[in-house]
Structures are given as structure tokens and as C-alpha cells.
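Below is a report on a predicted model. The sequence and the structure come ahead of the text.

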Amino acid sequence: MISTLSQETSPKHAATALDHTRNPRTGCEHEARFDPYLEQLDELGYAIVPRFLDLETTARLRAHVDAIAGPVFQADEPAEKRFHDLRHPIPGQIMADMVTPQLLELAIRMLRATELRLTEQVLIRTDPSSGEPGPTGWHIDMALYPRHLAATPRQIYVQMVHALSTVESGGGAVTLVPGSHHQTYAASARLSVPHERFDVLDQDAFKAEVMRTAGVDTGKAIEVLANEGDLILFHPMCVHSASRNVSRRARHVMFMSFYDVTAVELHARLNQIHYRDILPDSLRQALPEHLRRLLDR
């Protein structure tokens with residue numbers, strides 16, 4: 001059973017009128033407000049769940065990022081780096097606090113999951129810079145086959161991006177091509193004929209081949225503009241890019257994702273690159289005991 005964290009430490013979710021029913025399998029509250037966003041996620045490859053976090057929590061996370069990354073620099077100030085990509089191990093109790101029942105229930109529903117594992121936690125800050133706005137590099141995060149998406153539990157993960165600050169146009173938003181995951185999945189299916197290739201583990205080569213043959217028109221891309229506290233969901237097979245922040249404010253986000261314990265090929269890929277090996281012991285210790293299995297290898 002997934003229970004709530006203490007009121008003193010857990011992020012509070014914005015107060016909205018929700019239709020709650022209890023999920024008998026997880027013990028979490030099923031929120032009917034998620035349903036249209038999950039439908040949009042499957043159709044367009046992305047969705048924005050509004051007001052997922054309260055502003056007190058987003059402020060705490062921004063402060064945590066800034067304490068690690070250092071001061072924010074404006075475009076006219078010299079800086080060694082303007083893109084801060086903070087990956088585990090990341091210190092701080094707040095990293096455990098962000099593993100909330102609401103987030104876990106949403107992950108379970110997206111993946112039709114039976115038992116979750118935490119893929120990653122990533123904090124990103126994009127400082128203001130000069131130049132023209134726009135994408136910096138089109139890509140997919142992982143090349144998968146249609147059978148991975150169709151399975152129950154799904155053998156994929158979904159990016160869950162907490163907007164820790166409001167992102168306006170030109171402010172470093174994720175830029176993606178809506179619906180492009182259908183084209184990339186179709187490309188990976190074509191590449192599996194006459195025999196399915198298992199170089200799903202050779203990601204650099206396979207991703208490049210999928211991207212080359214998918215025929216995605218990046219001219220149809222949009223900026224995914226979110227308000228502070230919103231949660232952005234998108235498929236890793238959706239063609240997307242980071243973009244330059246030419247605004248006057250830093251852009252802060254927190255990426256998290258999960259996968260089901262039955263996703264053996266995904267798990268093998270993560271083991272191959274030792275990605276989850278560096279999930280810190282401090283995170284395990286800070287999690288409630290019943291959630292520590294999320295970090296099991």
C-alpha cells in the first residue's frame with residue numbers, strides 16, 4: 001500500500017475540485033482529473049497536468065537547485081555554464097519528499113504497472129543567454145518497439161517534468177512535435193522486419209536510424225509552455241529538443257520517471273549504462289521503508 005508522507009515534509013498539491021476514488025490495488029486515490037491528460041498523452045505524445053504542485057514546494061526546489069548550481073547569471077553576465085543538468089546522486093531530503101503518492105499513482109496508471117522502479121531524478125536550470133530562441137538538438141530519448149508500448153504492463157517509461165517556474169515562449173521550454181511518437185514507433189516497427197532487432201540496447205545507432213527513417217517534420221514543433229506547478233508528461237519516443245532561454249528569468253524543472261519491474265529490456269539497458277547504480281544511499285534512507293523497493297536493482 002502506498003501511503004502519504006508526513007505533512008511536514010511532503011509536497012502539497014494545489015487545491016482543486018477533484019473526483020477521488022480509491023484504487024484497491026495501490027491504496028492511492030484515483031483522480032478522475034487525470035483521465036483527459038492520459039488520453040492526450042497517448043494521442044499527442046505529451047500533456048500538461050495543471051497545478052500539480054503548490055508554489056511553496058516549487059520554491060523549495062528552486063532554492064535547492066540554486067544552492068547546488070550557484071547563482072543565476074543573466075545573458076549579459078559572463079558565466080562558465082548556463083545549462084545546469086544535475087543528476088543523481090543529488091543530496092537532500094527533498095529528493096525523497098518528491099516521491100509522492102499522487103506521482104506514483106499517476107505513473108502506475110500511465111504504465112498499467114504492477115510494481116514500479118524509479119528510473120531517475122534530474123534537476124535542470126537553464127540560465128538566460130543571448131542569441132536566437134529555438135531548439136538545440138532534435139532527438140528521442142530511447143528507441144523502443146510498438147510491442148513495448150502495447151504490453152500490459154507497458155515496457156516503457158514516460159517523462160514526468162515538474163515545472164518549477166513559469167516558462168514563456170523563448171524561455172527554454174521543451175520543444176516537441178505533437179504525435180511524432182506514432183511515426184517513430186512505426187519506424188522502429190519497419191526496422192524490425194523481417195526479424196526484430198535487439199539493438200534496442202545499442203541506443204545511439206538505433207535511435208539515429210529510427211530518427212532518420214521516421215520522417216518527422218520538425219517544422220510542426222511547438223513549445224510546451226507550462227505554468228509554475230504544472231506537470232508535463234511526454235513519451236520518450238516523441239521527437240523533442242531543449243531550447244535556448246533568451247528570457248530574463250532562469251528556467252527550473254525537475255524530471256522524474258518510473259518503469260515497471262517487468263520491463264526487462266529497458267531494465268537491461270539501464271543496467272548496461274549503470275544509470276541507476278548511482279541512485280544514492282541517502283535517497284534510500286530518506287524514503288519511507290515501504291517505498292525503498294523503488295530503488296531495487
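## Strand β9 and its neighbours

I48 stands opposite I232 in β9, and A47 stands opposite L233 in that strand. β3 and β9 (residues 231-234) are antiparallel and share 4 bridges; two strands are taken to pair if DSSP finds at least two bridges between them. Helices (H or I, at least four residues) and strands (E, at least two) are DSSP runs, numbered from the N terminus. β9 also pairs with strand β6 (residues 159-163), again in the antiparallel sense and over 4 bridges. There, L233 of β9 is the bridge partner of M160.

Both faces of β9 are covered. L231 and L233 are buried on one side, I232 and F234 on the other, where buried means under 20% relative accessible area, exposed over 50%, and partly exposed in between (1.4 Å probe, protein chains only). Helix α1 (residues 35-44) lies across β3 and β9 and runs at about 155 degrees to β3. Axes are lines fitted to C-alpha atoms, for helices over the stretch in contact, and angles run from 0 to 180 degrees between N-to-C directions.

## Basis of the model

The model is predicted: local features need pLDDT of at least 70 and side-chain atom pairs count only at pLDDT 80 or more, while totals for chains, interfaces and linings use all residues. Residues are numbered from 1 along each chain as its sequence is written, and side-chain values use heavy atoms, with hydrogens and water left out.

## The two sheets

Strands of a sheet pair through backbone hydrogen bonds, either parallel or antiparallel. An open sheet of 6 strands has the order β3-β9-β6-β11-β5-β4, and its pairing is antiparallel. β3 (46-49) and β4 are the edge strands, each pairing on one side only. From one strand to the next, the twist averages 20 degrees.

Another open sheet, of 3 strands, has the order β8-β7-β10, also with antiparallel pairing. Its edge strands are β8 (222-223) and β10, and each pairs on one side only. Strand β7 (residues 175-176) is joined to β10 by 2 bridges, the two running antiparallel. H240 in β10 is the bridge partner of L176.

## The chain as a whole

The protein chain has 9 helices and 11 strands. Of its 297 residues, 52% are buried. Among contacts with a separation of 6 or more, 85% are between residues 24 or more positions apart; contact means heavy atoms within 4.5 Å.

F258, in strand β11, is buried, with a relative accessible area of 1%. The C-alpha atoms of F258 and V158 are 7.2 Å apart, although 100 residues separate the two along the chain.

## Helix α4

Helix α4 (residues 101-111) is mostly covered, with 10 of its 11 residues buried. The buried residues are P101, Q102, L103, L104, E105, L106, A107, I108, M110 and L111. After α4 comes R112, whose phi is positive, near 50 degrees.

## The largest pocket

The largest pocket has a volume of about 610 Å³. On a 1 Å grid over the protein atoms alone, a pocket is an open set of points with protein on both sides within 12 Å along at least five of seven lines, whereas a cavity is a set of points where a 1.4 Å probe fits but cannot get out; lining residues have an atom within 4 Å of a point. Grid points are joined across faces, edges and corners, and a volume is the space filled by probe spheres set on the points.

The pocket is lined by 26 residues, of which R87, E120, H139, D141 and Q159 lie nearest its centre. β4 (83-87), β5 (116-126), α7 (203-214), β10 (240-241), β11 (251-260) and α8 (264-272) each supply at least two residues of this lining. β5 gives the most, with 4 residues. By class, the lining has 12 nonpolar, 7 polar and 7 charged residues. Ala, Val, Leu, Ile, Met, Phe, Trp, Tyr, Cys and Pro count as nonpolar, Asp, Glu, Lys and Arg as charged, and the others, Gly among them, as polar.

## The cavity

The structure holds 1 cavity of 30 Å³ or more. The largest cavity has a volume of about 30 Å³. A163, V167, A173, V174, V224, A226, I232 and R251 line this cavity, a set of 7 nonpolar, no polar and 1 charged residues. I232, listed in this lining, is also one of the buried residues of β9.
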